[in-house]
Amino acid sequence: MKRAEVRQLQAWLDGVDRFNATPGEGTTRGVYTPEDVAARDYVKKEMEQLGLTVSQDPMGNLFGELPGTDPELAPVWTGSHIDTVPNGGKFDGLAGVFAGMEALRLIKESGLPHRRTLSVNVYSGEEMSRFGICCIGSRALTGRLKAEDLQERRSPEGQSIYDAIKDCGYEVDSFDEAYPHKKEIYASLELHIEQNSKLEKAGLPLGIVTGICAPTNLSVVVKGVQTHAGGTSMADRRDAFMAAAEMAAELERLARESKSAYITGTVGHVEVLPNAANVIPGEVRFTVDIRSVSAEDKDELYQALRKAYDNIASRRGVSVEITLLNHDKPLLCDEAICRLLREKAAALAVPCMDIVSGPYHDSLLLGDLTKVGMLFVPSRDGISHDRNEWTDTADIARGTDVLAETMLALANEL
Ligand code: HGY
Ligand code: MN
Ligand code: MN
């Protein structure tokens with residue numbers, strides 16, 4: 001089989017980056033926004049150009065299939081996402097979609113037989129930025145996303161997922177018959193940028209992911225008493241912001257002191273009301289994002305946090321309301337697939353190391369449906385979710401070579 005072409009990968013990366021709501025200020029492509037629909041249409045056309053059989057499901061997930069010689073066998077999937085965080089980078093998710101397309105192009109052009117159908121997929125809404133819940137396309141495939149979630153989960157502008165999909169003209173009313181995905185899948189692979197600097201520090205071009213951390217996401221509302229910044233003594237305040245600040249610091253303390261090797265705690269979004277310099281805030285809304293590769297460590301931190309927040313609130317005379325948005329379980333990647341990936345990397349003289357993924361991915365959810373493997377390519381300075389996110393296309397190409405060889409091997413396993 002030939003080697004992946006940097007030129008082709010670069011053309012796709014540049015082609016899709018035209019669909020961006022914040023050109024010059026990073027990439028912003030929220031799920032089901034006009035930029036996301038245009039980018040999906042672009043990818044669909046490029047898949048058709050490759051001669052893939054392209055289909056789309058009610059959530060807008062795309063499937064670009066290369067039929068196998070035994071089409072009744074369960075297929076091998078690869079793919080990732082095309083939506084981004086606000087002002088994010090142009091490689092998060094995209095690297096995996098285009099690596100998958102290039103891998104199928106190489107296999108098709110090689111003429112080498114593959115019994116199982118191969119499919120490169122685009123999963124809708126991997127980022128949680130728009131609707132507060134991550135991986136909605138792959139989550140629907142697993143049956144964990146329910147029809148009522150489409151009505152209940154709303155964007156900051158108040159639009160429901162259902163209405164956002166409807167506005168795209170996708171068949172969202174066929175949700176109940178489409179999900180969960182009924183057919184067996186033999187294996188799922190995903191190439192992704194590392195979004196950390198371990199590979200770069202080790203001077204390696206490839207990571208074999210052994211485990212994927214899962215997120216627990218909370219929305220927290222603290223209510224105190226809004227009043228005058230000058231007229232209220234320090235003793236008489238019920239300051240919602242200071243209570244929230246102590247809660248944020250407590251999340252950091254618990255995460256830092258956790259025994260778990262892979263645990264993180266982040267407050268990424270804060271609203272202070274009324275947000276005026278001379279008014280003691282009466283209400284603060286903030287998000288909590290906890291990750292770990294150990295379900296019990298994550299649970300322990302979550303329970304400790306709830307207790308701590310109740311104590312802080314009662315000591316400070318404010319109320320606190322915690323809403324659990326999602327509480328996903330971490331996933332260990334399939335050991336046989338990891339072995340096969342290491343073997344193919346060695347055969348291609350691509351040095352690699354095992355690595356745990358701090359970020360979640362669609363693969364975390366697809367682990368409900370099939371055995372999963374992931375490949376990481378280096379992120380410069382470990383930066384991601386930022387306009388300075390950068391991965392060398394040559395590294396994506398080498399990862400694509402390993403992906404293609406591994407998919408071909410899986411496609412001929414019985
Ligand atoms: O937040 C994450 O882990 C992923 O990059 N969406
Ligand atoms: Mn991301
Ligand atoms: Mn991603």
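This report walks through a metal site, some salt bridges and a charged surface patch in a predicted model.

Residues are numbered from 1 along each chain as its sequence is written, while chains are lettered from A and ligands numbered from 1 in the order in which they are written. Local features need pLDDT of at least 70 and side-chain atom pairs count only at pLDDT 80 or more, with totals for chains, interfaces and linings using all residues; side-chain values use heavy atoms, leaving out hydrogens and water.

**The metal site**

Let's start with the manganese ion (ligand 3), which is coordinated at 2.1 to 2.3 Å by His81 (NE2), Asp92 (OD) and His192 (NE2). Donors here are N, O and S atoms within 2.8 Å of the metal (3.2 Å for Na, K and Ca), and sites may look incomplete because water is not among the atoms. The donor residues of this manganese ion (ligand 3) follow the spacing H-x10-D-x99-H. His81 sits in the loop between β3 (76-80) and α3 (94-110) and His192 in strand β5 (residues 187-193), so the pair ties together parts that are 111 residues apart in sequence. Helices (H or I, at least four residues) and strands (E, at least two) are DSSP runs, numbered from the N terminus. His81 is buried, at 0% relative accessible area, and His192 is buried at 1%; buried means under 20%, exposed over 50%, and partly exposed in between (1.4 Å probe, protein chains only). Asp92 also coordinates the manganese ion (ligand 2), and the two ions are 3.5 Å apart.

**Salt bridges**

The structure holds 26 salt bridges, each a side-chain nitrogen of Lys or Arg within 4 Å of a carboxyl oxygen of Asp or Glu.

Arg105 and Glu102 are three residues apart in helix α3, about one helical turn, and both are buried. Arg316 lies in helix α10 (residues 295-316) and Glu246 in helix α9 (residues 240-257), so their bridge ties together parts that are 70 residues apart in sequence. In helix α13 (residues 393-411), Asp395 and Arg398 are three residues apart; Asp395 counts as buried at 11% relative accessibility, whereas Arg398 is partly exposed at 37%.

**A negative patch**

On the surface, Glu148, Glu152, Asp176 and Glu177 gather in a patch of negative charge. Such patches take residues with over 30% relative accessible area and no salt bridge, joining like charges within 9 Å. Helices α5 (147-152) and α7 (175-178) each give two or more residues to this patch. Asp176, in helix α7, is exposed, with a relative accessible area of 58%.

How values were computed: Patch = residues over 30% accessible without salt bridge, like charges linked within 9 Å, V, L, I, M, F, W, Y side chains within 5 Å. Areas by Shrake-Rupley, 256 points an atom, 1.4 Å probe, with all protein chains shown as cover. Lys, Arg positive; Asp, Glu negative; His and termini not counted. Charge placed at Lys NZ, Arg CZ, Asp CG, Glu CD.
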